[in-house]
Amino acid sequence: MRDHPSDEGQAAGSLPPIWTGRATNHIQWALAAAGAGCMALGIELAVDSPWTSGTVPLLMSVIGCVAAGLLMLFGTIAFVHVTVTVDRDAVEVRCGHMGVPRRRIPLASVVAADFDPRVTPCQWGGWGCRWHPEKGTAFIVRRGEGVVLALDDGKTFTVTVDDAETAVRIIRDHLRTAPAGSTTTGV
């Protein structure tokens, strides 16, 4: 197994100018379903409440179930999948169906791009958008291969994505062919 992709034998013309990759975590759908179940329980309590102990306990139960359900539902759906797009100017990462959270990293701020064959949620403290003061930021939707970008501020940005080796080759190619002194602005 290679530690990083080999650039040998890759002609610059054989790499596409724009690359899009995706990673999906099907386990997140089960957590989203549990969130929907909590919301349904809260609605059921509100509609068909035979409670005789009073309004305050009922209200607390309904609000608690609906709030927990919304948190689980939207918190997990945001990280069901991630889409990574690499072009000549930037690497853009969008999460979930709405594309939020997202991050756009100008290639002008990328020092190096590396392939990591074994990114795990345990390395970053779980799934989702993660930040560690010493390491940097990561978008982790599943375990497996990922792209690790070394940024000019000394931090890293890691994202799990299928076919990360190709993404790294394209980023490296764009970094090599970038005009000297180019200043790309980002969002």
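## A charge over a ring

A charge counts as sitting over a ring if NZ of Lys or CZ of Arg is within 6 Å of the ring centre and within 35 degrees of the ring normal. Here, Lys135 lies over the face of Trp124, 4.3 Å from the ring centre.

This is a predicted model, so local features need pLDDT of at least 70 and side-chain atom pairs pLDDT 80 or more, while totals for chains, interfaces and linings use all residues. Residues are numbered from 1 along each chain as its sequence is written, and side-chain values use heavy atoms, leaving out hydrogens and water.

## The overall layout

You'll find 4 helices and 9 strands in the protein; these are DSSP runs numbered from the N terminus (helices: H or I, at least four residues; strands: E, at least two). Starting at the N terminus, the order is β-α-α-β-β-β-β-α-β-β-β-β-α.

Of the contacts (heavy atoms within 4.5 Å) between residues at least 6 apart in sequence, 59% join residues at least 24 apart.

What kind of aromatic pair do Phe139 and Phe157 form? Rings of Phe, Tyr and Trp (its six-membered ring) pair if their centres lie within 6.5 Å; planes under 30 degrees apart are stacked, over 60 edge-to-face, and the rest tilted. The count comes to 1 aromatic pair: Phe139 and Phe157 are edge-to-face, 5.5 Å centre to centre with 65° between the planes.

Phe139 is in strand β7 (residues 136-140) and Phe157 in strand β9 (residues 156-160), so the pair ties together parts 18 residues apart in sequence. Phe139 is buried, with a relative accessible area of 2%, and Phe157 is buried too, at 1%. Buried means under 20% relative accessible area, exposed over 50%, partly exposed in between (1.4 Å probe, protein chains only).
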